[in-house]
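Biologist: Please walk me through this structure. I am new to it.

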Amino acid sequence: MLFKHILIVEDEFHLGEALTVSLRKLADYVEKVSTIESARYYLETHWDSLPDLVVLDRNLPDGDGIQFCRELRNHGNTGMILMLTAQSGIEQRIEGLDAGADDYLPKPFSWEELKARLKALARRLPEKKASIDPLWSMDFKKLQIKGPAGWVRLTPLEFKLAAALIHANGEIVGRDQLLREVWGFQLLPQTRTVDLFMSKLRKRFEPDPERPLYFKTIRGAGYSFQKSA
Ligand code: CA
């Protein structure tokens, strides 16, 4: 495999689907999103296994791929970025490379050309990391989280709660904060609600829900998430 993890950001449905199918031959894991907003969310929720290649369309419904490319570089994203665009002028090309893209491929392109360029990009990757698809990956489309026992499907509220805690990455999150973030204060929820959902999460992820290893209670303060037991 040339890559471990590829993220495709492409809003043209058929092209996006074709890319997904093709790139699965070159990578262990391929995900596709169609807006900058969803790409941002995807990367936030996969902060511990960032893609080693982002295939980024230039014209997206909610913005310019160039801006997003800069944003990725400003956030220290070191994977390869291949920009796709219908504009093939030399100026656009330079603009793309200036923004931090590693290569720039005008549409339409052939699979052979794409593959050749990806091979060249893969050679420039820093040493490959050993792990892909580690614990606590989140699949927000399917509302699934990968815990120690594999992928677990959650209800929307359970998923939001787990995501809020996992995002906090070890910091303590208070019950009030969780109520605000997860329930948005609808129907005057009570702090008891958080405890109830927390015990649901534990039943799904903890080997022994009575003695949680991951979703911990911090007495008098709230909860915190520990990535490893
Ligand atoms: Ca487009």
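Predicted model: local features only at pLDDT ≥ 70, side-chain atom pairs only at ≥ 80, totals over all residues.

Biologist: Which domains does the domain assignment give, and how far apart are their C-alpha centres?

Modeller: The assignment gives domain 1 (3-122) and domain 2 (138-225). Between the C-alpha centres of domain 1 and domain 2 the distance is 32 Å.

Biologist: How much area do domain 1 and domain 2 bury between them?

Modeller: Start with the contacts: 9 residues of domain 1 touch 7 residues of domain 2. Of the area buried between the domains, 61% is on carbon and sulfur atoms. The buried area is about 780 Å².

Biologist: Which three residues supply more than any other three of the area that domain 1 buries against domain 2?

Modeller: Together, the three supply 56% of the area that domain 1 buries against domain 2. They are Tyr-41, Thr-45 and Trp-47.

Biologist: How many residue pairs are in polar contact between domain 1 and domain 2?

Modeller: Salt bridges across this interface number 0 by the rule. For polar contacts, both residues must be at pLDDT 80 or more. The count of such pairs is 2.

Biologist: Which element gives the largest share of the side of domain 1 that touches domain 2?

Modeller: Strand S2 (27-33) and helix H2 (36-45) each supply at least two residues of that side. The largest share is 5 residues, and it comes from H2.

Biologist: How do the residues of that side of domain 1 divide by type?

Modeller: The side in question is the one that touches domain 2. Its residues divide into 3 nonpolar, 3 polar and 3 charged.

Biologist: Why are Arg-117 and Glu-113 separated by about one helical turn?

Modeller: The side chains of Arg-117 and Glu-113 form a salt bridge (2.9 Å, N to O). Both residues are in helix H5 (residues 111-124). They are about one helical turn apart because their spacing in that helix is 4 residues.

How values were computed
Residues numbered from 1 in each chain as written. Heavy atoms only, no water. Domains from an automatic or database assignment. Contact = heavy atoms within 4.5 Å. Buried area = accessible area lost by both parts, 1.4 Å probe. Salt bridge = Lys/Arg side-chain N within 4 Å of Asp/Glu carboxyl O. Polar contact = N/O pair within 3.5 Å; in protein donor to acceptor, adjacent residues only side chain to side chain. Nonpolar A, V, L, I, M, F, W, Y, C, P; charged D, E, K, R; others polar.
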